[in-house]
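Dear colleague,

My notes on it follow directly after.

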Amino acid sequence: MFATSLDNSDTICAIATAEGGALGIVRISGSESFRLVQGVSPDVPEHPCAGHFRLCRIMDGDALLDEAIVSFFHAPHSYTGEDSVEVSCHGSSYILERLIQLLVDGGARIANPGEFTQRAFTNGRLDLSQAEAVADLISAQSRAAHDVAINQLRGGFSSQLYQLRERLLKLTSLLELELDFSDHDDLQFADRSELLALADTIDSHLLNLADSFQAGQAIRQGIPVVLVGETNVGKSTLLNRLLGEERAIVSDIHGTTRDTIEEKLSLHGVQFRFIDTAGLRSTDDPVEQCGIERTHDALQRARVIVWITDQRPSNSQINEMLQLAGTTPLITVQNKADLLSPAEQEPWTCPMLFISARKGIGISELKEQVFRAARIPDLDAMPVVVTSVRHYDALLRARADLQRAIRALQGGLSADLVSEDLRAVLHTLGEITGGEITSSETLAHIFQHFCVGK
């Protein structure tokens with residue numbers, strides 16, 4: 001159970017590294033951090049210097065547990081904004097767990113998931129969107145996902161929201177000033193046309209941020225690419241060739257693949273999820289039918305479809321596949337091209353890429369076509385990419401309130417009604433960075449998905 005209290009009076013500790021490494025790090029944060037480490041090591045001075053590293057013996061009673069590098073951080077110049085210590089020792093699970101037990105015996109509490117980052121948020125070291133970026137950075141599996149997370153962690157998104165809030169505050173203050181002097185008909189503080197132009201500019205900015213969400217989700221989760229075709233055309237062989245390993249079972253028996261098989265591959269720094277599917281055909285086998293249903297489900301979620309065939313498809317087959325693909329980019333691939341004569345590789349009625357999954361012919365070109373078909377936006381030209389469902393939802397709600405204010409301005413409604421809608425926009429945007437969040441349940445939901453020790 002994640003603690004919903006924001007009371008930071010406890011001193012917390014946790015193992016911050018994955019099990020099985022040569023080194024392991026134990027993190028401690030809170031007012032008792034230095035005293036707790038002094039309790040397990042005679043080499044820690046009474047007043048440790050901030051930012052210093054020290055080789056210390058870690059003692060279990062009179063017995064030596066380990067020798068470790070101990071780092072000291074004084075509040076507020078630490079990750080959490082509190083007095084903190086990091087103990088870097090050998091990665092033995094026994095050493096790490098015993099050290100944690102000694103710290104708990106000394107008065108520490110084992111940290112909840114994400115509690116170190118939660119304290120960084122509550123102590124003003126990070127706003128909420130930056131704190132969420134920490135989890136994205138840890139889970140990033142591609143250069144693009146890393147770059148997006150780093151930009152958010154460094155405050156790129158927060159900066160955009162701050163600028164929007166400043167403009168909204170200007171709007172609100174002018175309208176509310178008008179209300180304060182409403183009994184003076186000769187005074188005008190806000191030109192409605194100028195206010196409307198400013199509101200439209202803010203709305204356009206919110207729309208651009210919201211529109212980046214689709215690209216952000218694809219970059220964060222990986223872009224789904226579905227390999228589809230009839231049985232035994234080489235879909236599994238192609239998946240294995242793309243990955244460079246024998247991931248899918250390859251057999252001459254029709255209907256070998258009964259379920260979707262998904263693996264990740266990075267292309268130009270962007271993560272793609274290649275999905276091998278059951279072959280499309282008529283069958284009475286209930287298990288294979290289930291697999292074919294999952295193929296159709298995968299096609300609905302695909303960002304790119306690679307249709308694989310090993311013979312010239314008929315016009316009806318082409319039309320059927322185009323209908324299945326709908327608006328999703330479709331790449332048509334003729335496999336086993338090494339077995340075709342030059343005459344059989346003449347241009348067809350639809351664009352066709354000739355490859356041999358078994359021999360590796362045309363695979364580089366296929367990867368390039370998949371990358372182009374995914375229509376990945378130029379991240380360098382996008383100051384912010386929204387990746388969080390929570391942020392996206394808040395942006396949509398903020399836009400709805402702002403558009404209501406715009407309609408009120410266009411309709412000549414009173415300043416108090418317009419001002420109320422603008423305050424709602426400010427409140428909703430504040431939810432993203434945490435400035436307007438008071439619910440501990442909301443914070444608990446965000447941080448409980450973090451790793452322990454982060």
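**The sheet around β7**

Strand β7 and strand β9 (residues 270–276) run parallel to each other and are paired over five bridges. Here strands (E, at least two residues) and helices (H or I, at least four) are DSSP runs, numbered from the N terminus, and two strands pair if DSSP finds at least two bridges between them. Please note that this is a predicted model, in which local features need pLDDT of at least 70 and side-chain atom pairs count only at pLDDT 80 or more, while totals for chains, interfaces and linings use all residues. Residues are numbered from 1 along each chain as its sequence is written, and side-chain values use heavy atoms, with hydrogens and water left out.

Between β10 and β11 the pairing is parallel over five bridges, and T309 has Q334 in β11 as its bridge partner.

How many residues of strand β7 are buried? Seven of the seven residues (223–229) are buried, so the strand is largely enclosed by the rest of the structure. Buried means under 20% relative accessible area, exposed over 50%, and partly exposed in between (1.4 Å probe, protein chains only). In a regular strand the side chains alternate between the two faces of the sheet. In β7, I223, V225, L227 and G229 point one way, P224, V226 and V228 point the other way, and all are buried.

**Salt bridges**

The whole structure contains 18 salt bridges, each defined as a side-chain nitrogen of Lys or Arg within 4 Å of a carboxyl oxygen of Asp or Glu. One of them joins K336 and D310 at 3.2 Å, N to O. K336 lies in the loop between β11 (330–334) and β12 (353–354) and D310 in the loop between β10 (304–309) and α11 (315–325), so the pair ties together parts that are 26 residues apart in sequence. K336 is partly exposed at 29% relative accessibility, and D310 is partly exposed at 26%.

A further salt bridge is formed by E431 and R397, with the closest N and O atoms 2.7 Å apart. This pair links helix α14 (residues 415–433), which holds E431, to helix α13 (residues 389–410), which holds R397, across 34 residues. E431 is buried at 19%, whereas R397 is partly exposed at 32%. R404 and D421 form another salt bridge, at 3.2 Å between the closest N and O atoms. Here R404 is in helix α13 and D421 in helix α14, 17 residues apart.

**The surroundings of S129**

S129 is found in helix α4 (residues 128–139) and is buried, with a relative accessible area of 0%. Its side chain makes polar contacts with the side chains of D127 (2.8 Å) and S158 (3.0 Å). A polar contact is a pair of N or O atoms within 3.5 Å; within protein, one must be able to donate a hydrogen and the other to accept it, and residues adjacent in sequence count only if both atoms are side-chain atoms. Leaving aside residues up to four places away in sequence, S129 touches Q152, F157, S158, H391, I432 and T433, where contact means heavy atoms within 4.5 Å.

With kind regards
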